[in-house]
Amino acid sequence: MSDDKLKLLVVEDDLGLQKQLKWCFDEHEVLMAGTRAEALVQLRRFEPPVVLQDLGLPPDADGVSEGMTTLKEILALAPQTKVIVVTGNNDRDNAVRAVSLGAYDFYQKPVDTQVLRLIVDRAFHMHALEEQNRQLRASQFHAPLEGLIATDEAMLKVCRMVEKVAPADVSVLILGESGTGKELLARAVHTQSGARAAQKFVAINCAAIPEQLLESELFGHERGAFTGAVKQTLGKIELADGGTLFLDEIGDMPLALQAKLLRFLQNRVIERVGGRQEIPVNVRVVCATNKNLKTLIEEQRFREDLYFRISEVTVNVPPLRERSGAPTVLAHAFLRKFGGSHGRPRRGFTEDAIAALEAYSWPGNVRELENKVKTAMIMAEGALITAEDLGLQETVSSGLLFNLKEVRTRAERQAIQQALAITDHNISRTAELIGVSRPTLYDLMDKYGVRVQAQ
């Protein structure tokens, strides 16, 4: 296939009409499909901007059910695609129905190639304009905070909070599960903090350093303070003077060291290990932990007075499972970030992969998502990453994630099943609970294949 010509997918089972249309659109790269399955294969592989589709497809060549299903699945897979449906003579009702489902335009047989060419050319032009508009919007988009990707309301709320608190010289406590991006938020606090942003951002993980070394790492030490201390060494607090000190996993800090940290926060002076001189330090402290500090306080494993010192402002970072739509957005961002550095370049995700990304609970949050995308980029056989490539094939058995009718179907089926369970499969009580009549409930149950369990 040539990359220079625009791709046009023709979904038509009539071989004679296939040849006529291929000749009519010889300036395009014409892709042919005679069935719904063939059309979806071509769509996934070549991503044509425009599709010319007959509504009468086998096994319902004399009707439109298969054609309408094909139209729905094309638009669910590629919502930006311009689909022009071709109907039988005087079949205006189905043409209008197809447009209401999302088709770009329609054309009625017999084929007038000149008129059809105008419709197709206009569809290509409209697709190109919309694509330019999307690219323009993307180029003008700025992440709310550097390094962070936030499109869901939960994370945007966190970003707005960070933007407000960053210029104020107060201590910030960031709470969230492991892998939610707490250090990125801490860096955002630093970079938007005004004068401090020009100074150092110094981070230390309180859980990664042995207890006997952590004090020296924080406060520094004098020569000869202990065996192996052959020279004076500045600690992280002193190195961050004028800037920001980030204490990650503050919940794992030993109690004895908590007392010394509290003294520093109260007086803003430190003493190096083995030293006697008080050294003033001007530093902003940002802390983070994935632990419940209030529970640790009750268990007397964390000082309450230190908690109040480090939590002048508290930022709660939502886990990925509570960020609707975020897994899909982040997965595509990682796909662009890593590009072709891990195996062959990938163009995107299949619909089962998208469904799995949204259905999975992500116990490891964004870090786990990033790792799965990296692995999938290496292991995937095709241009599109599947749920199996992501290791999420067991997560869902769903089909088209972005089909609103299917989403509504799932929600209604689930509501009926839950109501039946609550009422012990009592039809009258179930109908009352979900706010419909008994006949309507029976119709919905029949529609969704929900059966009443024997009493």
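Visitor: What covers the buried residues of H7?
Guide: Start with the model itself: it is predicted. Helix H6 (153-165) is part of the cover.

Visitor: Which residues of H7 are buried?
Guide: Helix H7 spans residues 182-191. Its buried residues are Lys182, Leu185, Ala186, Ala188, Val189 and His190.

Visitor: At what angle do the axes of H6 and H7 cross?
Guide: Read the angle together with the distance. The two axes cross at roughly 35° and come within 10 Å. The crossing of H6 past H7 is right-handed.

Visitor: Which residues meet there, in H6 and in H7?
Guide: From H6 come Met155, Val158 and Val162. They meet Leu185, Ala188 and Val189 of H7. By class, that contact has six nonpolar residues, no polar and no charged.

Visitor: How do helix H13 and helix H14 pack?
Guide: H13 covers residues 326-338 and H14 covers 351-359. Their axes lie 8 Å apart, at an angle of about 120°. H13 is therefore oblique to H14. Here too, the handedness can be read: H13 passes H14 in a right-handed crossing.

Visitor: Which residues of H13 and H14 meet?
Guide: H13 brings Ala326, Pro327, Thr328, Ala331 and His332. H14 brings Ile354, Leu357 and Glu358. This contact divides into five nonpolar, two polar and one charged residues.

Visitor: Which domains does the assignment give?
Guide: Step back to the whole chain. The assignment gives domain 1 (7-139), domain 2 (153-316), domain 3 (321-390) and domain 4 (404-448). The centres of domain 1 and domain 2 are 60 Å apart, taken over C-alpha atoms.

Notes: Residues are numbered from 1 along each chain as its sequence is written. This is a predicted model: local features need pLDDT of at least 70, side-chain atom pairs count only at pLDDT 80 or more; totals for chains, interfaces and linings use all residues. Side-chain values use heavy atoms; hydrogens and water are left out. Domain bounds come from an automatic or database domain assignment. Buried means under 20% relative accessible area, exposed over 50%, partly exposed in between (1.4 Å probe, protein chains only). Helices (H or I, at least four residues) and strands (E, at least two) are DSSP runs, numbered from the N terminus. Contact means heavy atoms within 4.5 Å. Axes are lines fitted to C-alpha atoms, for helices over the stretch in contact, and angles run from 0 to 180 degrees between N-to-C directions. Angles under 35 degrees count as roughly parallel, over 145 as roughly antiparallel, 65 to 115 as roughly perpendicular and the rest as oblique. A crossing is left-handed if the near helix is turned anticlockwise from the far one by less than a right angle, and right-handed if clockwise. Ala, Val, Leu, Ile, Met, Phe, Trp, Tyr, Cys and Pro count as nonpolar, Asp, Glu, Lys and Arg as charged, and the others, Gly among them, as polar.
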